[in-house]
Every structure is written in C-alpha cells, then in structure tokens.
Amino acid sequence: AGPILAVGGFLVLPFVWSIPEALVCAELATMFPEDCGYVIWVTAAFGPYMGFLEGMLSWTSGVADNVLYPALFLEYLKPLIPVLHNSFLRGVATLMLSLMLTNFAYLGLDIVGTTSVGLMVFTMLPFGLLVFMGIPQIMPELWFEGFQWEELVNNSDVHWNTYLNTLFWNLNYFDSVSCLAGEVEDPGNTFPRAMAAAFVVILSGYLLPLIVGTGICIP
C-alpha cells in the first residue's frame, strides 16, 4: 500500500488515542499521587482483587516486553562486534546487560531518571542526524508510491491487525509515568506539562524519521 499508510497512521492515531490517553493519565495521576499508579486507579474503581490482578498482569506484561530490549540492542551490535554471532557469548552479554540495567533500579529514581534521559538522547541521535541530513532530499511523491485505494478496500495487501497493533504499541504507555506519581512535586502542574512534552517527543521521534526515510530516493 506504500509508505503513505504508515505516515497517515502516525498522523491520525496520536490524536485519536494518544492525546486522550495522556490527558486521562495526567488527570488520574494528579488525583492519585501515589507510586502504585494505575493499580490504585483500578483498586479505587473495582476493588482490591481487581487492583491486585491489574498489578500482576502489568508486571507480567512488563517482564515479557522489557526482556526483548537487551537482545534487540545486541542484535544491532552484531555487525560491529562479530563475537556476538556466537549464541553463547550473546547470551552472556544479554545477561550482563540485563543485570546492569536492573542494578540502576536499586540505585534510586535520580539515577534511573538521569540514565533514562541519557539513553533517550543516545538512541535518538542517529534519527536526528537522519532527519537533519535527509530533509533537503525529500521527494514527497515517493510517499504515495505503490498506493492504491483498491488495496485498502479489498484488504488484499494490507495486514490490518499487524498495522494497527504496531501503531498502538508505538503510541501507547503514557500510563507508565503514574508509577512514580508519588515522587513528583506539584503533580497538578507537572503531569500535564510532562505529558504534552512526551507527546511531542514521541510523535516527532516516529513521524519525522519515517517521512524522511520513506521520502528519499537512494540510488
């Protein structure tokens, strides 16, 4: 269906899903400024059993999700560090990286916050460079290459489940900040500003590299 479907998704879904979610989370985090976050939201609405279930399911989801990132990071490093092609050495490196990141959680929120900002900057730098260097070379007609309305109507070449799940996964998780709401000074003012800034950073981080990367013709 062409790149325009991906670009369109990142233009539409943030306003349909991300902004309402961010506003709800900012309001609830202000109303319940506790570190247990969405667990206390569910407990207040549906009782302690559902609150426990929410906490347990969220923990399980977090473990299953976060365990992927060290392995994915090392996968990116394989071209630069050939020894990572060895499955045993890659497993050892994954374990060491996981233990190192876990240790940060025991050092306190100040260390976690500073490290998170540093990792974000480190991660976003290549994309920022791509956008900076690629903007002058954008050819907008490339975004519509291969796009046909018939494909959207007939669902012949679009995997809608994968498409929507990917968009949702990338533009979700604003509720995560509620887990440290008890550490935030003046949450009534801080959370709305933080959510607005996070929305801009997240949308820019996905949309700008996407429109540049799909709008450049590589010889």
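Colleague: Hi! How many aromatic pairs does the count come to?

Modeller: Three aromatic pairs. Keep in mind that this is a predicted model.

Colleague: Good to know. What kind of pair do Phe15 and Phe199 form?

Modeller: Phe15 and Phe199 are edge-to-face, with 5.9 Å from centre to centre and 75° between the planes. That angle is over 60 degrees, the cut-off for calling a pair edge-to-face.

Colleague: And which helices do those two sit in?

Modeller: Phe15 is in helix H1, residues 3-31, and Phe199 is in helix H9, residues 187-213. The pair therefore ties together parts that lie 184 residues apart in sequence.

Colleague: Is Phe199 buried or exposed?

Modeller: Phe199 counts as buried, because its relative accessibility is 14% and the cut-off for buried is under 20%.

Colleague: Okay, on to Trp17. Why is its pair with Phe168 called tilted?

Modeller: The planes of Trp17 and Phe168 are at 50°, so the pair is tilted; the ring centres are 5.2 Å apart.

Colleague: What does that pair tie together?

Modeller: Trp17 belongs to helix H1 and Phe168 to helix H8, residues 160-170, so the pair links parts that are 151 residues apart in sequence. Trp17 is partly exposed, with a relative accessible area of 33%, and Phe168 is partly exposed too, with 35%.

Colleague: Which side chain makes a polar contact with the side chain of Trp17?

Modeller: The side chain of Asn172 does, at 3.3 Å. Asn172 lies in the loop between H8 and H9 and counts as buried, with 15% relative accessibility.

Colleague: What else does Asn172 touch?

Modeller: Setting aside residues up to four places away in sequence, Asn172 touches Glu21 as well as Trp17.

Colleague: Changing topic: how many residues are in the largest nonpolar core?

Modeller: That core has 28 residues. Those with the most contacts inside it are Val7, Phe10, Phe174, Met195, Leu207 and Ile211.

Colleague: Which helices supply at least two residues of it?

Modeller: H1, H8 and H9 each do, and so does helix H2, which spans 38-46. The largest share, nine residues, comes from H1.

Colleague: You mentioned Val7. What is Val7 in contact with?

Modeller: Leaving out neighbours within four places in sequence, Val7 is in contact with Leu207, Leu210, Ile211 and Thr214.

Colleague: And what do nonpolar side chains tend to do in soluble globular proteins?

Modeller: In general, nonpolar side chains in soluble globular proteins tend to be buried together.

Key:
Residues are numbered from 1 along each chain as its sequence is written. This is a predicted model: local features need pLDDT of at least 70, side-chain atom pairs count only at pLDDT 80 or more; totals for chains, interfaces and linings use all residues. Side-chain values use heavy atoms; hydrogens and water are left out. Rings of Phe, Tyr and Trp (its six-membered ring) pair if their centres lie within 6.5 Å; planes under 30 degrees apart count as stacked, over 60 as edge-to-face and the rest as tilted. Helices (H or I, at least four residues) and strands (E, at least two) are DSSP runs, numbered from the N terminus. Buried means under 20% relative accessible area, exposed over 50%, partly exposed in between (1.4 Å probe, protein chains only). A polar contact is a pair of N or O atoms within 3.5 Å; within protein, one must be able to donate a hydrogen and the other to accept it, and residues adjacent in sequence count only if both atoms are side-chain atoms. Contact means heavy atoms within 4.5 Å. A nonpolar core is a set of buried Ala, Val, Leu, Ile, Met, Phe, Trp, Tyr and Cys residues joined through side-chain atoms within 4.5 Å.
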